[in-house]
Amino acid sequence: MGKTKDRRFQIAHREAWIGVILAVFNILWWYGFAYTMGSKPPEEYTYILGFPAWFFWSCIAGFVVMVVLVFIVVKYVLVDISLEDEDVTEERSHTS
């Protein structure tokens, strides 16, 4: 079966990869802060707003960073495309 040349699939494929990259970034952010800062004994923890620093940076700040990144990606990177088949759209325009 040949590779499709439909532009919608190319766009969807690119946007899926963007989603995967965002998810991997989120996991790395969380893991990095949670396991590097959280691997000390609890007596050595530092606190931010009453939360252990590892939890604040991995869960709270990480959530805010991801919300901002997803907003930027949705607003400026993702493309709004029609999901209707181009042949169907052309038929409808000719019959109207």
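This report walks through the fold, the helix pair and a few residues of a predicted model.

## How to read the model

Residues are numbered from 1 along each chain as its sequence is written, and side-chain values use heavy atoms, with hydrogens and water left out. Because this is a predicted model, local features need pLDDT of at least 70 and side-chain atom pairs count only at pLDDT 80 or more, while totals for chains, interfaces and linings use all residues.

## The overall layout

Let's start with the chain as a whole. It has three helices and two strands; here helices (H or I, at least four residues) and strands (E, at least two) are DSSP runs, numbered from the N terminus. Reading from the N terminus, the order of elements is α-β-β-α-α.

How many of the 96 residues count as buried? The share is 16%, where buried means under 20% relative accessible area, exposed means over 50%, and partly exposed is in between (1.4 Å probe, protein chains only). Now look at contacts, meaning heavy atoms within 4.5 Å. Among those between residues at least 6 apart in sequence, 63% join residues at least 24 apart.

## Two helices side by side

Two packed helices are described by the angle between their axes and the distance between the axes. The axes are lines fitted to C-alpha atoms, for helices over the stretch in contact, and angles run from 0 to 180 degrees between N-to-C directions. Helix 1 (residues 7-37) and helix 2 (residues 53-76) have axes that come within 8 Å and cross at roughly 165°. That makes the two helices roughly antiparallel (angles under 35 degrees count as roughly parallel, over 145 as roughly antiparallel, 65 to 115 as roughly perpendicular and the rest as oblique). Helix 1 passes helix 2 in a right-handed crossing: a crossing is right-handed if the near helix is turned clockwise from the far one by less than a right angle, and left-handed if anticlockwise.

Which residues meet here? On the helix 1 side they include Ile18, Leu22, Phe25 and Trp29, and on the helix 2 side they include Trp57, Gly62, Val65 and Leu69. The residues of this contact divide into 18 nonpolar, three polar and no charged. For this count, Ala, Val, Leu, Ile, Met, Phe, Trp, Tyr, Cys and Pro are nonpolar, Asp, Glu, Lys and Arg are charged, and the others, Gly among them, are polar.

Trp57 lies in helix 2 and, at 33% relative accessibility, counts as partly exposed. Leaving aside neighbours within four places in sequence, Trp57 is in contact with Trp29, Phe33, Met37, Ile48 and Gly62. Its C-alpha is 9.5 Å from that of Gly32, 25 residues away in sequence.

Glu15, in helix 1, is 62 residues from Val77 in sequence, yet their C-alpha atoms are 8.5 Å apart. Beyond its neighbours within four places in sequence, Glu15 is in contact with Leu78 and Val79. Gly38 sits in the loop between helix 1 and strand 1.

Side chains of opposite charge can pair when their charged atoms come close. The structure holds one salt bridge, defined as a side-chain nitrogen of Lys or Arg within 4 Å of a carboxyl oxygen of Asp or Glu. The partners are Asp6 and Arg8, at 2.6 Å from N to O. Asp6 is buried, with a relative accessible area of 17%, and Arg8 is buried at 18%.

Finally, visit Leu49 in the loop between strand 1 (47-48) and strand 2 (51-52). Is Leu49 buried or exposed? Leu49 is exposed, with a relative accessible area of 73%. Although Leu49 is not a glycine, its phi is positive, about 55°.
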